Amino acid sequence: MELADLDDLLARRHSCRAFRPDPVPRADIERILSSARRVPSWCNAQPWQVVVTSGDETDRFRTALLHEAATGAHAPDLPFPTSYSGVYQQRRRTCGWALYEAVGVEKGDRAGSAREMMKNFALFGAPHCAIVSSPAELGSYGALDCGGFVTAFTLAAQALGIATIPQAAVASYSPFLHRHFGIPDDRLVLCAISFGYADPDHPANAFRTDRAELDEFVDWRG
Ligand SMILES: Cc1cc2nc3c(=O)[nH]c(=O)nc-3n(C[C@H](O)[C@H](O)[C@H](O)COP(=O)(O)O)c2cc1C
């Protein structure tokens, strides 16, 4: 594989916020997981464990998660960012506004933005969801390793024409996730990845995010 092929894959991947209901064949899900597990991890601990839902299990999870989001308390295993300031705040706003503009939510329309946010808990209509957890004892480095796994999962899926979205929002309700899936308490639920085939005509899939130039994040020495 040439770097140009990898660049092409990276450029084509985007976070999908509207899926078609068609299931992904089990063999393709296994190929994605087999590829993603090749990422490096500290001491090769491979700390990721993944619950993958399909069919009725996804629908049962979706229904229960929507109920939890409407009634439960925000209680992630991994603390959410305390704030986004400066350039991080700017970038966060830019991608939020791009989504709202695409789906026709005006600035200041709190009900509209809340409606969009709630779609996280409907898994954006995806037929599958992967819940990623890491052993608590591995701390932040376990989470770092799992971040690589999540990225590789999204790229491997993209290579098969399968759309994905990593979702920290789902991890807001970690106690519920532990109960629902029987995830042991000595593991941290980090995020979900909803996946399936994109609905290409949905406005939520019509925008793309950009990236900072190298001189904004590289400090060359020597
Ligand atoms: C760890 C992680 C958590 C994320 N959580 C959410 C989420 O809860 N809801 C959501 O709509 N997007 C979520 N995203 C998607 C990001 O918003 C998205 O990756 C970013 O805006 C860049 O856009 P792109 O993925 O289309 O390139 C998450 C991405 C990552 C890597």
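This is a predicted model: local features need pLDDT of at least 70, side-chain atom pairs count only at pLDDT 80 or more; totals for chains, interfaces and linings use all residues.
## Nonpolar core

The largest nonpolar core contains 40 residues. Ala130, Val132, Phe153, Ala192, Ile193 and Phe195 have the most contacts inside it. Several elements each supply at least two residues of this core: helices H2 (26-36), H3 (55-71), H6 (139-159) and H7 (174-181), together with strands S2 (128-135), S3 and S4 (187-196). S4 gives the most, with seven residues. In soluble globular proteins, nonpolar side chains tend to be buried together.

Ala192 is one of the core residues with the most contacts inside it. Which residues does Ala192 touch, not counting those up to four places away in sequence? They are Cys129, Ala130, Ile131, Gln167, Val170 and Ala171.

## Strand pairing

S2 is largely enclosed by the rest of the structure, because seven of its eight residues are buried. It pairs with S4 in the antiparallel sense, over eight bridges. In that pairing, Cys129 stands opposite Ser194 of S4.

Strand S1, residues 49-53, also runs antiparallel to S2. Five bridges join S1 and S2. Here Val52 stands opposite Ala130 of S2. Ala130 is also among the core residues with the most contacts.

## Pro135 in S2

Pro135 lies in strand S2.

Leaving aside neighbours within four places in sequence, Pro135 is in contact with Pro47, Gly142, Asp186 and Arg187. Pro184 is 49 residues from Pro135 along the chain, and their C-alpha atoms are separated by 9.3 Å.

## The loop between H2 and S1

Asn44 lies in the loop between H2 and S1. Gln46 is found in this loop as well.

Asn44 counts as exposed because it has 7 C-beta neighbours inside 10 Å. Gln46 has 16 such neighbours, so it counts as partly exposed.

## Segment after S4

His202 is found in the segment after S4. It has 17 C-beta neighbours inside 10 Å and therefore counts as partly exposed. What separates the C-alpha atoms of His202 and Ile162, 40 residues apart along the chain? The separation is 16 Å.

## Annotated span

UniProt lists residues 11-197 for "domain: Nitroreductase", in an unreviewed entry. In the model, this span is 46% helix and 15% strand. Its end C-alpha atoms lie 17 Å apart.

Definitions and conventions: Residues are numbered from 1 along each chain as its sequence is written. A nonpolar core is a set of buried Ala, Val, Leu, Ile, Met, Phe, Trp, Tyr and Cys residues joined through C-beta atoms within 7 Å. A residue is buried if 20 or more other C-beta atoms lie within 10 Å of its own, exposed if 12 or fewer, and partly exposed in between; C-beta atoms are placed from the backbone. Helices (H or I, at least four residues) and strands (E, at least two) are DSSP runs, numbered from the N terminus. Two residues are in contact if their C-beta atoms, placed from the backbone, lie within 7 Å. UniProt positions are given in the numbering used here, feature names are shortened, and annotations may be inferred rather than shown by experiment. Two strands pair if DSSP finds at least two bridges between them.
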